[in-house]
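Visitor: Please pick one part of this model and take me through it closely. What surrounds it, and how is it held in place?

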Amino acid sequence: MDRELEYNKPWIMQRADPFVLKNGGNYYFTASVPEYDRIVLRRSDTLEGLKDAAEKEIWHKHDFGPQSIHIWAPELHYLFGKWYIYYSGGDRDDIWAIRPYVLECTGDDPMQDAWIEKGKMGCAEDDEFSFRAFSLDATVFEVKGNWYYVWAEKVGVGKQISNLYIARMKNGYTLDTVQVMLTTPDYDWERYNFWVNEGPSVIRRNGKVFLTYSASDTGIHYCMGMLEADEESDLLDPRSWKKERYPVLSSSEEHKVYGPGHNSFTTDEEGNDILVYHARTETEISGDPLYNPNRHTMLMPVRWKGSRPVFSFE
C-alpha cells in the first residue's frame with residue numbers, strides 16, 4: 001500500500017459523505033461541503049494526492065425552489081457511456097423536501113466539460129412510490145451488464161423510518177423497475193434517535209455483492225451495517241440479501257474515531273481495497289450534529305477473511 005497514506009485519521013478535513021472513484025488512471029473525490037450549497041470535484045493521479053488537490057465547484061445550488069438547500073452526498077459515476085453525478089437537495093421553503101437529482105456531463109472530462117441538470121431521478125412508469133417522500137443518498141453499481149440504483153427513502157409517520165430501496169436502471173437518470181425494499185432499521189443500533197438506514201455503497205469480490213450502509217443519527221452513534229448477496233442471484237429479490245445482525249464498523253474510543261459511516265470504496269495504486277468514510281474525532285458535538293462541520297474524510301484498508309470484507313481500526 002501507499003506508505004504515505006495515514007489510516008483512520010482525518011485525511012480531508014470537513015468533508016462528509018465522501019466518495020472516491022478511480023477511473024482511467026485518475027482518482028476523483030467529491031463529498032458534502034459544510035455549507036451544503038454546491039458540488040465540488042478533485043482529481044489526482046494518486047489516491048494520496050487527492051488530499052491537497054485543487055477543488056473545483058462544478059455546480060451550485062438554486063436560489064429558490066427545489067435544489068436550493070441541503071445539497072448532500074454527491075457521487076460521481078461513469079455509466080451508459082457518460083459521466084453522471086447523483087446527489088440530493090431540498091427546497092429552502094420546505095427544507096426537508098429532499099429528493100435525488102442527477103447531473104450529466106456534456107463531455108469526457110468531468111473536471112473541465114460542462115454539466116447539465118437532468119432533474120429529479122426518474123422512476124419506472126408503474127412506480128407510484130419512489131421519490132414521493134424524503135429521498136437521498138443514491139449510489140449505483142453494475143452486475144452482469146445491469147446497472148442498479150440504491151437509495152434511502154423515508155416512510156411512515158412522526159419521525160419516519162428511513163429504508164433502503166433498489167431498482168434496475170434504464171439509463172443514467174431513469175429507473176426501469178419498481179422499487180424493492182432491501183433493509184429497514186430492525187435493530188437497536190439502527191434506531192438511535194432516528195430509525196435510519198442510509199448511505200449505501202457496494203464492493204464486489206469472489207462472486208459476492210456486499211452493500212454497506214449507515215444507521216442511526218449523524219452523531220457518535222452513527223455506524224455501518226452490511227448486506228450480502230450472490231452475483232448469480234436476483235438482486236431485485238429481497239430474499240437474495242443477507243443482513244448482518246450487528247454493525248460492521250462503529251465508534252472506537254481507543255482510536256478516537258466516532259460515528260464512522262457514509263462510506264465509499266476504492267483501491268490504492270497497488271489494487272488493495274480501501275474504505276473511504278467520514279467520522280468525528282470528538283464526542284462532544286457543538287449544536288445540531290447535522291450542521292456541525294467536523295465530520296472528516298478518513299481511509300481504512302479493507303481486509304478480507306475468506307470472501308468477506310473486514311473493517312477494523314487495528
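Guide: Strands here are DSSP runs of E, at least two residues long, and helices are runs of H or I of at least four, numbered from the N terminus. Two strands pair if DSSP finds at least two bridges between them. The model is predicted, so local features need pLDDT of at least 70 and side-chain atom pairs pLDDT 80 or more, while totals for chains, interfaces and linings use all residues. Residues are numbered from 1 along each chain as its sequence is written, and side-chain values use heavy atoms, without hydrogens and water.

Take strand 19, residues 273-280. Three strands make an open sheet here, in the order 18-19-20, with antiparallel pairing. Strand 18 and strand 20 are the edges; each has a single partner strand, so one side of each lacks a neighbour in the sheet. From one strand to the next, the twist averages 30° (axes are lines fitted to C-alpha atoms, for helices over the stretch in contact; angles run from 0 to 180 degrees between N-to-C directions).

Now the first partner. Strand 18 covers residues 258-267 and pairs antiparallel with strand 19 over six bridges. Tyr258 has Arg280 of strand 19 as its bridge partner. The two strands form a hairpin, with five residues between them. In that turn, Gly271 has a positive phi of about 90°.

Next, the other partner. Strand 20 spans residues 296-301 and runs antiparallel to strand 19, joined by six bridges. Ile274 bridges to Pro301 of strand 20. Tyr277 stands opposite Met298, also in strand 20.

How covered is strand 19? In strand 19, one side carries Asp273, Leu275, Tyr277 and Ala279, all buried.

Strand 19 pairs with strand 18 on six bridges and with strand 20 on six bridges.

Conventions:
Buried < 20%, exposed > 50% of the residue type's maximum accessible area, 1.4 Å probe, protein only.
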